[in-house]
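Work through the exercises below with the sequence and the model open. Try each task before reading its solution.

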Amino acid sequence: EGGRKPLIAGNWKMNLNHLEAIAHVQKLAFGLKEADYEATDVAVLPPFTDIRSVQTLVDADRLVLKYGAQDISAHEKGAYTGEVSGAMLAKLGCTYVLAGHSERREYHNEDDALVNAKVKAAFKHELTPILCVGEGLEIRQANEHLSHTLGQLEGALEKVPADQARQIVIAYEPVWAIGTGEVATPDDAQEVCGAIRTRLAELYSGDLADQVRILYGGSVKGDNIAGIMAKADIDGALVGGASLDAGEFIKICRFRE
Ligand code: PEP
């Protein structure tokens, strides 16, 4: 972890309406204690339609829980039907926003240039992008996972200045491990996360690379998180399915126990 504060972020994907979101955050608020937040940053990433409800609850109960969105428009404002801008997310008190989740890349044809524009849009509104990178099964089987993932990293960081890149969070998510129950081994995850940090050092500086938090994502559960977090270059987890179960998510946040 190298002095970096761990981050556990729950990606709810397209689950929980705004009322269910309130019930879920209340469970998290009841379960998570001050000591948990001191040790680990905890965030939830609900659907857009839930964010206002989550904000209201977080503000009313002064929760330390952070929240954010699953996507951001690359555009500032205007005739972009169905999109949500960085300014709108910032106004709702979002801290984080996912950029380039594999499901966006796959089902919405997001390429590295668009992900790069979304990363820049996030920084423009002082949101912290959680940049998702990672290879599919065929690329892994062809042993091209490092070049593929580092290519996505470089594409997303094109012309992003160091003072912004220093703030980014990277999530290494091998696509074959997302929602499949097939978790990468800690060694496999470390190999790629370590390579990401090395590339950040080459692109920027060793000092910057040491500061950036790199998460692993892909079928993380309460009973496999500890082995993943034990690795030198893994600073947290992006959690999909297991983030919908408050007890399981809290267990993941308490990976040290
Ligand atoms: C994700 O969607 O980012 C993810 C890691 O999903 P899951 O934990 O369900 O594999």
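**Exercise 1.** Where is the place of Ala189? Then decide whether Ala189 is buried or exposed.

Solution. The model is a predicted one.
Step 1: Ala189 sits in helix 10.
Step 2: Count the C-beta neighbours of Ala189 inside 10 Å; there are 27. The cut-off for buried is 20 or more, so Ala189 counts as buried.
Step 3: Look for contacts beyond four places in sequence. Ala189 is in contact with Tyr172, Ala184, Tyr216, Ile228, Lys231 and Ile234.
Step 4: Ile178 is eleven residues from Ala189 in sequence, and their C-alpha atoms are 13 Å apart in space.

**Exercise 2.** Which residues of the largest nonpolar core touch the most other members?

Solution. 
Step 1: This core has 73 residues, and those touching the most other members are Val97, Ala99, Ile130, Leu131, Ile170, Tyr172 and Ala237.
Step 2: Helix 10 gives the most to this core, namely five residues.
Step 3: Follow one of the core residues. Apart from neighbours within four places in sequence, Ala237 is in contact with Ile8, Leu215, Tyr216, Gly217, Val220, Ile225, Ile228 and Ile252.

**Exercise 3.** Which residues of helix 13 are buried, and why do they lie on the same side of helix 13?

Solution. 
Step 1: Helix 13 runs over residues 246-253, and Phe249, Ile252 and Cys253 in it are buried.
Step 2: Around the axis these residues cover an arc of only 105°, so they are on the same side of helix 13.
Step 3: Recall the general rule. An α-helix has 3.6 residues a turn, so residues three or four places apart point the same way.
Step 4: Find the cover. The elements over the buried residues of helix 13 include strand 1, helix 1, helix 2, strand 2, helix 12 and strand 8.

**Exercise 4.** At which residues does UniProt place the feature "active site"? Describe the surroundings of each.

Solution. 
Step 1: The UniProt record, an unreviewed entry, puts this feature at His101 and Glu173. They are spread over 73 residues of sequence but cluster in space, with a largest C-alpha distance of 8.5 Å.
Step 2: His101 is in the loop between strand 4 and helix 5. His101 counts as buried because it has 27 C-beta neighbours inside 10 Å. Beyond four places in sequence, His101 is in contact with Gln70 and Cys132.
Step 3: Glu173 is in the loop between strand 6 and helix 10. With 30 other C-beta atoms within 10 Å, Glu173 is buried too. Its contacts beyond four places in sequence include Ser102, Cys132 and Leu238.

**Exercise 5.** Which residues does the UniProt annotation "binding site" cover? Is Lys13 buried or partly exposed?

Solution. 
Step 1: According to the unreviewed UniProt entry, they are Asn11, Trp12, Lys13, Gly179, Ser219, Gly240 and Gly241. They span 231 residues in sequence, yet no two of their C-alpha atoms are more than 13.8 Å apart, so they gather at one spot.
Step 2: Lys13 is in the loop between strand 1 and helix 1. With 17 other C-beta atoms within 10 Å, Lys13 is partly exposed.
Step 3: Ser219 is in the loop between strand 7 and helix 12. Ser219 has 20 C-beta neighbours inside 10 Å and therefore counts as buried.
Step 4: Turn to the ligand. The ligand is surrounded by 13 residues, and the closest are Ile178, Gly179, Gly217, Gly240 and Gly241. This shell divides into five nonpolar, seven polar and one charged.

Definitions and conventions
Residues are numbered from 1 along each chain as its sequence is written. This is a predicted model: local features need pLDDT of at least 70, side-chain atom pairs count only at pLDDT 80 or more; totals for chains, interfaces and linings use all residues. A residue is buried if 20 or more other C-beta atoms lie within 10 Å of its own, exposed if 12 or fewer, and partly exposed in between; C-beta atoms are placed from the backbone. Helices (H or I, at least four residues) and strands (E, at least two) are DSSP runs, numbered from the N terminus. The arc is that of the directions from the helix axis to the C-beta atoms. Two residues are in contact if their C-beta atoms, placed from the backbone, lie within 7 Å. UniProt positions are given in the numbering used here, feature names are shortened, and annotations may be inferred rather than shown by experiment. A residue is near a molecule or strand if its C-beta atom, placed from the backbone, lies within 6 Å of it. Ala, Val, Leu, Ile, Met, Phe, Trp, Tyr, Cys and Pro count as nonpolar, Asp, Glu, Lys and Arg as charged, and the others, Gly among them, as polar. A nonpolar core is a set of buried Ala, Val, Leu, Ile, Met, Phe, Trp, Tyr and Cys residues joined through C-beta atoms within 7 Å.
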